[in-house]
Amino acid sequence: MTIVFYLVFAVLLPQPVAPGCTELPGNNVNPQQIGDIQQCRIHNHYAPFILIGILAWNFTAGSVLAGMSSLLGNSSIIKKVYFPREVLPIAAVLAQFVNFLLALIPLFVVCLISGVIPSWYSVILPVVFLAHIMFLVGLAMLLSVTVLYLRDLNIIMEVVIQAWFFLSPVIYTMNQVYGDGAKLVYWLNPVASFIEMYRAVLFFDYPPGLDFTLRTIATGFGTFVIGYAVFIWKRKKIGEML
């Protein structure tokens, strides 16, 4: 997918940049200059830029689909053996996270080949990982219970996932598409925040901002609390619904 997107957006349809553009921000830069600097870096190193977005998205989409089907797919075990039902959606997300971690190995190779060296800001990656996992576990718990009442949700989610992909900054930046409306989109689409966090520390080499980081973390843990509360509320009825 990285090769396909690279050929389309970097070779066939490259984004125009100013001749002799710079990737290094100077002093007292305005928002327009920051956008130009980011676009210049993307233009010069498109492969790691798109790969970060794809890996973060694959982790999200895979966790949502696997977590949603975790109860239905293990109905025979649930009916025979008692164990904490929340283990299933949690295990589904953690399995996807292992894939995500393994995929970071070729990502770092691509970054090194492209001349993109992750800075010391990468030390906050474990915090981003934890917040992202909490968000996906909460969403998986919520959807795994919902699909028991609405069995067609599996089919609906296939369309939702496809639309969600294009509404998330996987192949573009938030400023490129949403401009001043990016702040609202971050609230409506938390995945955008996680993708931007990964790119901030691994690609753009700047701190994502304390307020942005705290809001992203709060979104992850808030989603987990809501999903877990709904799961506990409906846990006793899971066997009957299956």
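Colleague: How many salt bridges does the count come to?

Modeller: The count comes to 1 salt bridge. The rule wants a side-chain nitrogen of Lys or Arg within 4 Å of a carboxyl oxygen of Asp or Glu. This is a predicted model, so local features need pLDDT of at least 70, side-chain atom pairs count only at pLDDT 80 or more, and totals for chains, interfaces and linings use all residues. Residues are numbered from 1 along each chain as its sequence is written, and side-chain values use heavy atoms, leaving out hydrogens and water.

Colleague: Which side chains meet in it?

Modeller: Glu86 and Arg235, at 3.1 Å from N to O. They are 149 residues apart, and the pair links distant parts of the chain. Glu86 sits in the loop between α4 (75–80) and α5. Arg235 sits in the loop between α11 and α12 (238–241). Helices here are DSSP runs (H or I, at least four residues), numbered from the N terminus.

Colleague: Is Glu86 buried or exposed?

Modeller: Buried, with a relative accessible area of 11%. Arg235 is partly exposed, at 31%. Buried means under 20%, exposed over 50%, partly exposed in between (1.4 Å probe, protein chains only).

Colleague: New topic. What does Trp57 touch?

Modeller: Its contacts (heavy atoms within 4.5 Å) include Ile161, Trp164 and Phe165, not counting residues up to four places away in sequence.

Colleague: And α10, how many of its residues are buried?

Modeller: 15 of its 15 residues. α10 reaches 20 Å from its first C-alpha to its last, close to the 21 Å expected. That expected span is 1.5 Å times one less than the number of residues.

Colleague: What comes just after α10?

Modeller: Asp205, with a positive phi of about 60°.

Definitions and conventions
Helices (H or I, at least four residues) and strands (E, at least two) are DSSP runs, numbered from the N terminus.
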